[in-house]
Amino acid sequence: LYTAIPIGIVGHAFSKVWEDRDRLLLLQQMRRRISRAGYTPKELVEMFRNLDEDGNGQLCFDEFKMFLPMLNIQMSDSIAFRVFETFDDDGRGTIDFNEFLVGVFPAQRFVMAATSSAWIPAA
């Protein structure tokens, strides 16, 4: 009985990750390609501005989708939307620069928390 419980927990965790594998693999692929290209968080500011077609400081899903071909990544809209939702921390349906930065460089969340500031690009 005692060994059955941990195996059940591991099995459940594995099945959850397996269901979400497309989103997780896409996130990993995006981060790897950005790292290989040598982009820094500061260079992402310019990329973010180029993607933000309406200039409101937020990326909607359609603007976010334009980011993927820039990285030579092909995927369905449903998977891209799941990644978009991962980046959208506040759930407002748009991604601001800080959400974009943390989505691409997850460790940046800790840097921003340690400095008690958000990194908002100047216009």
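The model is predicted: local features need pLDDT of at least 70, side-chain atom pairs count only at pLDDT 80 or more, and totals for chains, interfaces and linings use all residues. Residues are numbered from 1 along each chain as its sequence is written, and side-chain values use heavy atoms, with hydrogens and water left out.

Helix α2 covers residues 21-37; helices (H or I, at least four residues) and strands (E, at least two) are DSSP runs, numbered from the N terminus. The 17 residues of α2 should span 24 Å at 1.5 Å a residue, and its end C-alpha atoms are 24 Å apart, which agrees. The expected span is 1.5 Å times one less than the number of residues. After α2 comes Gly38, with a positive phi near 85°.

Buried residues of α2 are Arg23, Leu26, Leu27, Met30 and Ile34. They cover an arc of only 100° around the axis, which puts them on the same side of α2; the arc is that of the directions from the helix axis to the C-beta atoms. Buried means under 20% relative accessible area, exposed over 50%, and partly exposed in between (1.4 Å probe, protein chains only). The cover over these buried residues includes α4 (61-65), α5 (67-70), α6 (77-87) and α7, where contact means heavy atoms within 4.5 Å.

The axes of α2 and α6 come within 9 Å and cross at roughly 70°. The two helices are therefore roughly perpendicular to each other. On the α2 side the contact is made by Asp22, Arg23, Leu26, Leu27 and Met30, and on the α6 side by Ile79, Ala80, Arg82, Val83, Thr86 and Phe87. Axes are lines fitted to C-alpha atoms, for helices over the stretch in contact, and angles run from 0 to 180 degrees between N-to-C directions. Angles under 35 degrees count as roughly parallel, over 145 as roughly antiparallel, 65 to 115 as roughly perpendicular and the rest as oblique.

Gly103 lies in helix α7 (residues 97-104) and counts as buried because its relative accessibility is 7%. Leaving out residues up to four places away in sequence, Gly103 touches Arg31 and Phe87. Val83 is 20 residues from Gly103 in sequence, with 8.9 Å between their C-alpha atoms.

Gln58 belongs to strand β1 (residues 58-59) and counts as buried at 17% relative accessibility. Beyond four places in sequence, Gln58 touches Phe48, Asp52, Glu63, Arg92, Thr94, Ile95 and Asp96.
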